[in-house]
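Look at the sequence and the 3D structure below before reading on.

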Amino acid sequence: MQTRHYPATDNFLDTLLQANAQRLGPVFAYPDSFQLQIIYTRIDRDAHNRPHFRDYYYHVDTSRYFYPASTVKLPGAALALEKLNDLHIPGLDRNTPMYIDSLPGVSTAVYEDPTSANGQASIAHYIKKIFLVSDNDAFNRLYEFVGMETMNERLWQMGYTHAQLRTRTGVGFLPPDSNRHTNAMYFIHEGQEVYRQPDQYSQLAFSPRHDSAGRAFYDRNKVLVPRPMNFSKRNRLSLPDVHMILRSLIFPESVTKSRRFRLTEDDYRFLYRCMSQYPTETAYPAYDSTEFYPAKVKFLLYGGDRRLQIPPYIRIFNKPGWAYGYLTDVAYIADFSHQVEFMVAATVYVNKDGIIGSNYQFNKTGKPFMEALGQVLYQHELQRKRKYLPDLSRYKY
């Protein structure tokens with residue numbers, strides 16, 4: 001696989017981070033040990049409100065594998081909406097009730113969803129749950145709808161040639177071949193079946209990989225295996241790729257047509273609402289606010305901290321992921337009061353003893369670093385002079 005190192009555009013980001021080294025703590029002090037990678041995108045608008053981007057990289061290297069965890073749900077949600085548009089069937093849209101047959105040994109059937117307003121499952125409701133709380137089952141149902149083959153081939157067509165979305169999320173030790181199977185499903189509109197999709201098996205061939213992590217791991221029987229864990233048949237999505245996928249969704253007009261998802265303006269607005277909504281702002285699903293507080297999945301800037309109150313004028317359009325010691329977040333952050341906007345993506349490995357399946361330092365080390373990084377960049381953006389202030393009305397609800 002051809003890899004790419006991303007040298008610093010100039011020394012700006014490094015200088016800014018060095019000036020805040022104490023605030024950024026041990027992760028920044030030992031970036032190699034924590035496998036730290038950061039992308040910061042400065043956004044400047046012109047007189048016509050068109051965005052212009054400048055990317056800054058810190059230790060970004062696509063040859064260095066990290067497990068993307070739930071960040072794969074970002075393209076998954078977009079591709080599910082795209083498939084609905086491609087099918088172009090009257091009565092079939094993101095709100096059409098869907099029914100999913102079981103796949104023995106892999107996933108259960110779905111004939112209702114009591115967490116939705118009408119008690120039925122739908123693409124829209126699954127996307128909503130993905131962004132509100134990073135629901136694994138919700139992504140897995142979209143994976144089953146889109147299918148392994150379409151999901152990967154579309155990403156490759158869009159230029160993400162090294163991406164590999166090979167598994168469902170949160171399935172642990174499910175045999176890799178099981179993820180090539182997807183469930184049969186059908187959609188009902190006003191009492192009539194409008195679309196039926198049979199169970200499928202993907203024959204898609206992937207480029208071979210040799211990715212591993214950790215120095216040891218616990219197997220399915222909780223036995224410690226004294227060698228690195230093999231990730232070669234698990235999901236791969238580099239930080240530059242997921243960062244660009246987010247940019248193509250937030251600013252579709254800024255990328256070439258070949259890199260755009262086939263979405264409508266209504267699709268984009270739906271995604272913006274879902275990406276920026278807090279679990280406390282919805283009745284369907286109804287989440288316990290003591291467990292699912294506003295900052296629950298907002299790591300950059302707020303560190304997922306239940307004690308922090310997010311001002312109403314700040315919205316974070318993001319998708320984080322955390323598993324196997326890897327903590328990642330990719331975000332577009334907008335301050336509607338001060339007319340500030342920027343993008344940031346970061347990943348960090350917080351597995352102190354190197355044992356996969358042991359104790360990870362997500363709360364102790366990873367999230368505090370993400371909060372500090374977001375705050376450092378946000379404070380810089382507040383002070384930065386802009387020739388033209390952005391009109392952010394497109395993202396406001």
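Which residues of α7 are buried? In this predicted model, they are Leu 239, Pro 240, Asp 241, Val 242, His 243, Met 244, Ile 245, Leu 246, Arg 247, Ser 248, Leu 249 and Ile 250.

**Helix α7**
- Helix α7 runs over residues 239-250 and has 12 residues.
- From the first C-alpha to the last, α7 reaches 17 Å, close to the 16 Å expected at 1.5 Å a residue.
- The helix is mostly covered, with 12 of its 12 residues buried.

**Helix α4**
- Helix α4 (residues 123-133) is largely enclosed by the rest of the structure, because 11 of its 11 residues are buried.
- Among these buried residues are His 125, Lys 128 and Lys 129, along with Ile 130, Phe 131 and Leu 132.
- The buried residues of α4 pack against the helices α3 (73-87), α5 (136-146) and α8 (265-276), and against the strands β5 (98-100), β7 (185-189) and β14 (314-323).

- In soluble globular proteins, nonpolar side chains tend to be buried together.
- The largest nonpolar core here has 82 residues, and Ile 123, Ile 127 and Tyr 332 touch the most other members.
- A second, separate core has 40 residues, including Ile 38, Tyr 302, Val 340 and Val 376.

**Hairpin of β2 and β3**
- Strands β2 (residues 37-45) and β3 (residues 51-58) pair in the antiparallel sense over eight bridges.
- Arg 45 has Pro 51 in β3 as its bridge partner.
- Five residues lie between the two strands of this hairpin, and Asn 49 in the turn has a positive phi of about 70 degrees.

Notes:
Residues are numbered from 1 along each chain as its sequence is written. This is a predicted model: local features need pLDDT of at least 70, side-chain atom pairs count only at pLDDT 80 or more; totals for chains, interfaces and linings use all residues. Side-chain values use heavy atoms; hydrogens and water are left out. Buried means under 20% relative accessible area, exposed over 50%, partly exposed in between (1.4 Å probe, protein chains only). Helices (H or I, at least four residues) and strands (E, at least two) are DSSP runs, numbered from the N terminus. Contact means heavy atoms within 4.5 Å. A nonpolar core is a set of buried Ala, Val, Leu, Ile, Met, Phe, Trp, Tyr and Cys residues joined through side-chain atoms within 4.5 Å. The expected span of a helix is 1.5 Å times one less than its number of residues. Two strands pair if DSSP finds at least two bridges between them.
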